[in-house]
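Have the sequence and the 3D view open as you read.

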Amino acid sequence: MAKDGTKNILLRLDPVLAERLQTVASVEGRSVSDVAREAIAALVDQRRQDAQFSELLEQNLARHEESLRRLRGDD
């Protein structure tokens, strides 16, 4: 984790999407990182309110709990 409490990640984008992102950032006078952070935060918030996503999350949790039990030999 960086000193400022953020985490660096590597994000690979299609060149066309990267150019469009750079254009948005440039027009708004912001950094590409700032625009990307905003978009990611909006996506995460959208998913948190999505019932279908919540159901998928519950299914994944149940599957992983079952795998953990098998690894421990609890079955």
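Which residues line the largest pocket? They are Thr6, Lys7, Asn8, Ile9, Leu11, Leu13, Leu21, Val32, Ser33, Ala36, Arg37 and Ile40.

## Before we go on

This is a predicted model, where local features need pLDDT of at least 70 and side-chain atom pairs count only at pLDDT 80 or more, while totals for chains, interfaces and linings use all residues. Residues are numbered from 1 along each chain as its sequence is written, and side-chain values use heavy atoms, with hydrogens and water left out.

## The largest pocket

A pocket here is an open set of points on a 1 Å grid over the protein atoms alone, where a 1.4 Å probe fits and protein lies on both sides within 12 Å along at least five of seven lines; lining residues have an atom within 4 Å of a point. The largest pocket has a volume of about 360 Å³, volume being the space filled by probe spheres set on the points, which are joined across faces, edges and corners.

What does the lining look like by class? Seven residues are nonpolar, three are polar and two are charged. For these classes, Ala, Val, Leu, Ile, Met, Phe, Trp, Tyr, Cys and Pro count as nonpolar, Asp, Glu, Lys and Arg as charged, and the others, Gly among them, as polar.

Helix α2 (residues 32-48) gives the largest share of that lining, five residues. Helices are DSSP runs (H or I, at least four residues), numbered from the N terminus.

## Salt bridges

The model has six salt bridges, each one a side-chain nitrogen of Lys or Arg within 4 Å of a carboxyl oxygen of Asp or Glu. Arg30 takes part in one with Glu28, where the closest N and O atoms are 2.6 Å apart, and in another with Asp34, at 2.9 Å. Arg30 is partly exposed, at 26% relative accessible area, and so are Glu28 at 44% and Asp34 at 29%. (Partly exposed sits between buried, under 20% relative accessible area, and exposed, over 50%, using a 1.4 Å probe and protein chains only.)

Now look along helix α2: Asp45 and Arg48 both lie there, three residues apart, about one turn of the helix. Their side chains meet in a salt bridge, 3.9 Å from N to O. Asp45 is partly exposed at 38%, whereas Arg48 is exposed at 64%. Elsewhere, salt bridges that share partners link Glu28, Arg30, Asp34, Arg37 and Glu38 into one network.

Key: Helix = DSSP H or I, 4+ residues; strand = E, 2+ residues; numbered from the N terminus.
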